[in-house]
Amino acid sequence: MGFVSRGLVVATGLMPKFVVAFFARRYVAGKTVPEVVEVVKKLQSEGCCATIDVLGEAITSLDEVPFFLEEYTKVLEAIESNSLDANISIKPTAFGLHLDKSEAMEYIAQLATRAKQKGIYLRLDMEDHTVTDDTLEVTLEMQKRGFENVGVVLQSRLKRNPDDLTMVCDELGSLADFRLCKGIYLEPADIAFTGKIDIIDAMNRDVQDALERGAYVAIASQDDKVVNPSLNMLKEMGMGPGVQDPRETASKARDGKGEGYEFQMLLGVRRDLRQKLTAEGHRVRIYVPYGERWYQYSMRRLQENPTLVWHTIKAIFMPWTNRP
Ligand code: FAD
């Protein structure tokens with residue numbers, strides 16, 4: 001972390017909570033389920049769908065898991081009763097993955113059961129490299145137990161990512177379903193690409209590979225250098241809005257998802273890009289975090305990856321570069 005970035009992170013840590021709340025408003029949908037429902041309805045009126053995340057991760061005791069289980073259950077009920085075009089994203093360490101893998105597995109299975117009963121997809125977010133293996137293991141185990149509504153995230157920043165992608169495609173065939181992203185955690189150079197261009201190149205290779213292997217691919221990026229090549233790849237493969245997925249091994253449309261691919265973006269980021277993609281007819285899903293733990297979440301993200309401080313400052317002082 002550079003000197004300036006470190007200074008910015010320290011300065012952010014010293015900000016009063018109400019100031020952080022003011023800035024976080026744009027990226028967090030509030031603290032309660034009714035607030036998140038309103039945000040998702042607004043996104044829907046703008047042509048987007050959503051994936052809802054209850055903020056919180058890396059719990060310190062398994063006693064905290066029932067809170068997440070119940071809160072996500074309320075979200076599932078709200079999705080159903082409001083007919084929202086939305087699914088859920090969970091952080092496996094909020095279910096205790098780092099504390100007790102088999103307990104976490106059972107808790108996640110409980111939530112997957114409730115989601116499956118309502119025909120709602122459940123995405124396991126990918127956290128730092130210490131839980132990559134376990135998160136993949138949970139995904140494969142959920143599929144083995146018949147939860148076809150469970151998928152995972154892969155981070156192109158990690159050098160192991162192409163192998164993980166191949167492994168999951170080999171194991172799951174047409175049920176392989178990824179969110180591909182660059183990866184937000186700053187990982188050591190021996191296991192991860194650290195240069196901006198290297199990470200972009202890796203992600204573009206992974207998108208191509210996943211599409212060619214017939215997986216459902218959620219392209220999660222706000223970077224034109226990823227989105228534009230992805231659009232070209234889709235075109236070359238004969239995939240696009242209103243077109244039936246032509247890939248022989250393609251997964252079927254299921255659990256509120258379309259044909260073969262979607263774009264995903266974070267709440268409050270690059271509305272211009274989101275509008276362009278929806279206007280062209282692409283499916284765009286917005287990641288909508290909410291919850292009481294917004295402060296800890298915002299601060300941890302800033303500590304982990306100070307480029308977020310730059311994004312936020314840019315968004316505030318140069319709003320034309322990133323309209324909410
Ligand atoms: P960048 O070059 O970082 O961003 C492109 C442009 O988008 C920037 O110039 C800026 O204008 C804008 N921008 C990007 N991020 C922000 C921000 N936070 N605030 C303001 N402006 C911003 N990572 C994981 O490790 N695990 C996950 O499970 C995971 N899930 C994700 C889900 C979604 C839907 C998305 C969009 C991202 C997710 N990420 C996840 C984060 C991802 O790995 C990247 O760190 C993040 O998306 C930034 O990369 P980018 O491709 O958008 O490119």
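Let's start with helices H8 and H9, residues 196-212 and 224-236, which pack at an angle of about 25° with their axes 10 Å apart. Helices here are DSSP runs of H or I with at least four residues, numbered from the N terminus. The axes are lines fitted to C-alpha atoms over the stretch in contact, and angles run from 0 to 180 degrees between N-to-C directions. That angle makes H8 roughly parallel to H9, a label for angles under 35 degrees.

Before I go on, a word on what you're looking at: this is a predicted model, where local features need pLDDT of at least 70, side-chain atom pairs count only at pLDDT 80 or more, and totals for chains, interfaces and linings use all residues. Residues are numbered from 1 along each chain as its sequence is written, and side-chain values use heavy atoms, with hydrogens and water left out.

Back to our pair. Which residues of H8 and H9 make the contact? From H8 we have Ile200, Met203, Asn204, Val207, Gln208 and Leu211, and from H9 come Lys225, Val226, Pro229, Ser230, Met233 and Leu234. Contact means heavy atoms within 4.5 Å. By class, the H8 and H9 contact holds eight nonpolar, three polar and one charged residues; Ala, Val, Leu, Ile, Met, Phe, Trp, Tyr, Cys and Pro count as nonpolar, Asp, Glu, Lys and Arg as charged, and the others, Gly among them, as polar.

Next, H4 (residues 65-81) and H5 (residues 101-117): their axes come within 10 Å and cross at roughly 10°. That makes H4 roughly parallel to H5. On the H4 side you'll find Val65, Leu69, Glu70, Tyr72, Thr73 and Leu76, meeting Tyr107, Gln110, Leu111, Arg114 and Ala115 in H5. Sorted by class, this contact of H4 with H5 has seven nonpolar, two polar and two charged residues.

Now, the ligand. How many residues surround the ligand? There are 25, and the closest are Met126, Lys182, Gly183, Ser221 and Gln222, where being near means a heavy atom within 4 Å.

Let me walk you through some polar contacts, meaning pairs of N or O atoms within 3.5 Å. At Met126, a backbone N or O atom lies 2.8 Å from a nitrogen atom of the ligand. Arg179 uses its side chain instead, with an N or O atom 3.1 Å from a ligand nitrogen atom. And at Gly183, a polar backbone atom is 2.6 Å from an oxygen atom of the ligand. Thanks, everyone!

Methods. Helices (H or I, at least four residues) and strands (E, at least two) are DSSP runs, numbered from the N terminus. Angles under 35 degrees count as roughly parallel, over 145 as roughly antiparallel, 65 to 115 as roughly perpendicular and the rest as oblique. A polar contact is a pair of N or O atoms within 3.5 Å; within protein, one must be able to donate a hydrogen and the other to accept it, and residues adjacent in sequence count only if both atoms are side-chain atoms.
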